[in-house]
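Subject: Structure handover

Hi,

Here is the structure I promised to pass along. Have a look at it first, and then read on for what turned up.

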Amino acid sequence: MSNAVDIRFDCLPLRSIGRLDVPEDASPKFREKCERIAAHLARYGTHNSYYLHNARCVFQLTNNAALGMLEFRFEGTLLTDSSDEATSAAHIDVELVRETCEWLTEPAVQWFHESVRRAVMAEFDRYIAAGDLEQTLARMSKLQAASDAQGGYLGMYL
């Protein structure tokens with residue numbers, strides 16, 4: 001890892017969701033994920049809102065990977081400004097999943113939860129600037145067109 005903060009995520013533009021029904025044979029884990037996405041869709045709408053999932057944030061506090069690492073999992077919605085060029089808010093759930101930091105305290109964990117939120121917002125701005133958001137929207141548009149053309153169901157594109 002070359003950066004002190006490593007952030008990875010999959011991005012689902014909420015405007016790309018055409019259907020909210022979950023297949024009857026969906027696994028419980030997939031069903032729960034679909035329900036979380038539907039809840040965020042109902043709360044934040046489709047305009048300039050993006051659901052980040054399969055996401056993690058790793059802070060490397062020392063130059064030794066075996067010492068001073070904090071790994072968080074997160075999932076939730078990011079909102080962008082009216083021009084879709086900058087992140088304006090992050091409504092994400094953050095969970096510490098692994099750490100190699102023997103001096104970690106509970107107040108520090110809480111501080112890092114907020115740090116994850118802010119780091120994710122900064123990373124999403126980089127994602128937008130790199131054109132990844134535009135590519136994601138184009139890919140989702142193609143998937144929707146293919147689904148419409150076949151009259152089929154592609155689910156929630158997950």
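Before the first finding, a quick word on terms: a surface patch here is built from residues with over 30% relative accessible area and no salt bridge, and nonpolar side chains are joined into one when they lie within 5 Å. Please also keep in mind that this is a predicted model.

With that in hand, the patch: Leu-61, Leu-67 and Trp-103 together make a nonpolar surface patch of about 270 Å².

Is Leu-67 buried, partly exposed or exposed? Its relative accessibility is 33%, so Leu-67 counts as partly exposed; buried would mean under 20% and exposed over 50%. The strand around it is another matter: twelve of the 14 residues of β3 are buried, so β3 is largely enclosed by the rest of the structure.

Now for the neighbours of β3. On one side there is strand β2 (residues 49–64), which pairs with β3 in the antiparallel sense over eleven bridges.

The hairpin of β3 and β4 has six residues between the strands, and in it Asp-84 takes a positive phi near 60°.

Zooming out, what is the order of the strands in the sheet? It is an open sheet of four strands, β1-β2-β3-β4, with antiparallel pairing. The edges are taken by β1 (5–13) and β4; each has a single partner strand, so one side of each is left without a neighbour in the sheet. From one strand to the next, the twist averages 20°. In general, the strands of a sheet pair through backbone hydrogen bonds, in either a parallel or an antiparallel way.

Last item: helix α2 (residues 106–129) lies across β1, β2, β3 and β4, and runs at about 125° to β4.

Cheers

How values were computed
Residues are numbered from 1 along each chain as its sequence is written. This is a predicted model: local features need pLDDT of at least 70, side-chain atom pairs count only at pLDDT 80 or more; totals for chains, interfaces and linings use all residues. Side-chain values use heavy atoms; hydrogens and water are left out. Patches are made of residues with over 30% relative accessible area and no salt bridge: like charges are joined within 9 Å, nonpolar side chains (Val, Leu, Ile, Met, Phe, Trp, Tyr) within 5 Å. Accessible areas come from the Shrake-Rupley method with a 1.4 Å probe; for residues, only the protein chains shown count as cover. A salt bridge is a side-chain nitrogen of Lys or Arg within 4 Å of a carboxyl oxygen of Asp or Glu. Buried means under 20% relative accessible area, exposed over 50%, partly exposed in between (1.4 Å probe, protein chains only). Helices (H or I, at least four residues) and strands (E, at least two) are DSSP runs, numbered from the N terminus. Two strands pair if DSSP finds at least two bridges between them. Axes are lines fitted to C-alpha atoms, for helices over the stretch in contact, and angles run from 0 to 180 degrees between N-to-C directions. Contact means heavy atoms within 4.5 Å.
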